[in-house]
Amino acid sequence: LLTSIERKNQQEAKKTVPLKDERYHKLVALLNESDFMFLDIFGELKASESIVHQCVRLFAAQGMISSFLEHQISKEVAETVGESTLFRGKTFPTQCLSAFSHIVDHEYLLNTLAIYLRRLHGSEQSLEVNPRLIGSDVSEKDPRVKKNQETLRKE
């Protein structure tokens, strides 16, 4: 799992230009112009799905993610008929929030779990805690299960 995540990160890093690059200032200014009016219009098109992640990454890299998301949330709240349908559709604001959570979650998981996953990945020791996967005659009270649970809690 960790190896595939690291490989994917390396591939993505090779494919993308750093979004904090000076070349993006004019684009960000255009997108930010008139209170994100261009993105509001573009967001109503079906094709907008293809740029959601890039928009979120762009505004995050430029330090403008808060104002961008605040605008998207306000737009969704203003255009939603009832609270039961708030952030339920495939609207541009909903997709932006989803993309932002994926980006934040991915970074969080890498920063918090990578150390432990590397340590566990390199270990030859079995850390299985599901008794049925250890053996058909093994119960939850088996010392091997308890030992593996303790080992994982220490990590």
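Predicted model: local features only at pLDDT ≥ 70, side-chain atom pairs only at ≥ 80, totals over all residues.
Student: How many residues does helix 7 have, and how far does it reach?

Tutor: Helix 7 runs over residues 143-154 and has 12 residues. From its first C-alpha to its last it reaches 16 Å, close to the 16 Å expected at 1.5 Å a residue.

Student: How should I read a nonpolar core, and which residues have the most contacts inside the largest one?

Tutor: The general idea is that nonpolar side chains tend to be buried together in soluble globular proteins. Here, the largest nonpolar core has 17 residues. Those with the most contacts inside it are Leu39, Val56, Phe59, Ile65, Phe68, Phe92 and Cys96. Two or more residues each come from helix 2 (25-43), helix 3 (52-61), helix 4 and helix 5 (92-121). Helix 3 gives the most to this core, with 5 residues.

Student: Which residues is Cys96 in contact with, leaving aside neighbours within four places in sequence?

Tutor: Cys96 is in contact with Val52, Val56, Phe68, Leu69 and Gln72. Of these, Val56 and Phe68 are also among the core residues with the most contacts.

Student: How should I read a salt bridge, and how many does a search of the whole structure find?

Tutor: As a general idea, side chains of opposite charge can pair when their charged atoms come close. In this structure, the search finds 1 salt bridge. Glu79 forms a salt bridge with Lys75, and their closest N and O atoms are 3.1 Å apart. Both residues lie in helix 4, 4 residues apart, which is about one turn of the helix.

Student: Is Lys75 buried or exposed?

Tutor: Lys75 counts as buried because its relative accessibility is 12%, and the limit for buried is under 20%.

Student: Where does Lys75 lie, and which residues does it touch beyond four places in sequence?

Tutor: Lys75 lies in helix 4, which spans residues 65-79. Not counting residues up to four places away in sequence, Lys75 touches Asp40, Glu44 and Pro93.

Conventions
Residues numbered from 1 in each chain as written. Heavy atoms only, no water. Expected span 1.5 Å × (residues − 1). Contact = heavy atoms within 4.5 Å. Core = buried A, V, L, I, M, F, W, Y, C linked by side-chain atoms within 4.5 Å. Buried < 20%, exposed > 50% of the residue type's maximum accessible area, 1.4 Å probe, protein only. Salt bridge = Lys/Arg side-chain N within 4 Å of Asp/Glu carboxyl O.
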